[in-house]
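Hi,

Here is the model I said I would pass on.

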Amino acid sequence: RGSRRGVILSRHPQSQVLVALVDRRQGKGLLPDSELWSLDPGHVFRSGKPNQSCRQICSEAALRCVEQQLEFGNSCEILRQHFKCENGCGHQVG
């Protein structure tokens with residue numbers, strides 16, 4: 001909850017050295033390009049049944065689960081393509 005634009009600042013408990021944790025999906029300008037993660041434009045998001053894993057859903061469709069891409073599906077735009085979202089879509093925690 002203490003992040004801003006994908007960065008969490010903290011201090012090492014013993015040395016008190018400042019530590020920056022950077023989300024690889026939002027680290028442009030902070031991380032080298034080789035360390036960044038981006039949405040694969042050809043990636044296909046699928047919805048499954050409760051308790052179904054990514055691997056199960058993808059294997060049924062002869063696809064391969066790319067777990068690195070899952071977090072990109074956690075957006076209103078993608079979720080609305082698969083779910084009704086009767087109460088709208090907004091920032092939810094928990």
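A word on terms before the details: a residue is called buried under 20% relative accessible area, exposed over 50%, and partly exposed in between, with a 1.4 Å probe and protein chains only. Arg55, at a relative accessible area of 59%, is therefore exposed. Please keep in mind that this is a predicted model, in which local features need pLDDT of at least 70 and side-chain atom pairs count only at pLDDT 80 or more, while totals for chains, interfaces and linings use all residues. Residues are numbered from 1 along each chain as its sequence is written, and side-chain values use heavy atoms, with hydrogens and water left out.

**Strands and hairpin**

Helices (H or I, at least four residues) and strands (E, at least two) are DSSP runs, numbered from the N terminus. Two strands pair if DSSP finds at least two bridges between them. Strand S1 covers residues 7-11 and pairs with S2 in the antiparallel sense, over five bridges.

The hairpin of S1 and S2 has six residues between the strands. Gln16 is in that loop, and its phi is near 65°, a positive value in a residue other than glycine. With a relative accessible area of 42%, Gln16 is partly exposed.

Asn51 also has a positive phi without being glycine, here near 70°. Asn51 is placed in the loop between S2 and H1 and counts as exposed, at 82% relative accessibility.

**A nonpolar patch**

Ile8, Val19 and Leu21 make a nonpolar surface patch of about 230 Å²; Leu21 is found in strand S2, residues 18-22. Patches are made of residues with over 30% relative accessible area and no salt bridge, where like charges are joined within 9 Å and nonpolar side chains (Val, Leu, Ile, Met, Phe, Trp, Tyr) within 5 Å. Accessible areas come from the Shrake-Rupley method with a 1.4 Å probe, and for residues only the protein chains shown count as cover.

**Salt bridges**

Side chains of opposite charge can pair when their charged atoms come close. The rule used here asks for a side-chain nitrogen of Lys or Arg within 4 Å of a carboxyl oxygen of Asp or Glu. By this rule the count comes to five salt bridges.

- Glu35 and Arg24 meet through their side chains at 2.3 Å, N to O. The pair links distant parts of the chain, eleven residues apart, with both Glu35 and Arg24 in the loop between S2 and H1. Glu35 is partly exposed at 33% relative accessibility, and Arg24 is partly exposed at 31%.
- Lys28 forms a salt bridge with Asp33, and their closest N and O atoms are 3.9 Å apart. Lys28 counts as exposed at 66% relative accessibility, as does Asp33 at 60%.
- Arg55 forms a salt bridge with Glu67, with 3.5 Å between the closest N and O atoms. This pair links distant parts of the chain, twelve residues apart: Arg55 is in helix H1 and Glu67 in the loop between H1 and H2. Glu67 counts as partly exposed, at 48% relative accessibility.
- Asp23, Arg25 and Glu71 are linked in a network of salt bridges.

**Gln69**

Is Gln69 buried or exposed? Its relative accessible area is 6%, so Gln69 is buried. Gln69 lies in the loop between helix H1 (54-60) and helix H2 (76-80). Contact means heavy atoms within 4.5 Å, and, not counting residues up to four places away in sequence, Gln69 touches Ser38, Leu39, Asp40, His43 and Phe45. The side chain of Gln69 also reaches the backbone oxygen of Ser38 at 3.2 Å. A polar contact is a pair of N or O atoms within 3.5 Å; within protein, one must be able to donate a hydrogen and the other to accept it, and residues adjacent in sequence count only if both atoms are side-chain atoms.

**His82**

Phe45 comes up again with His82, which is in contact with Phe45, Arg46 and Ser47, leaving aside its neighbours within four places in sequence. His82 and Phe45 are 37 residues apart in sequence and 8.7 Å apart in space, C-alpha to C-alpha. His82 is placed in the segment after H2 and counts as partly exposed, at 28% relative accessibility.

Best wishes
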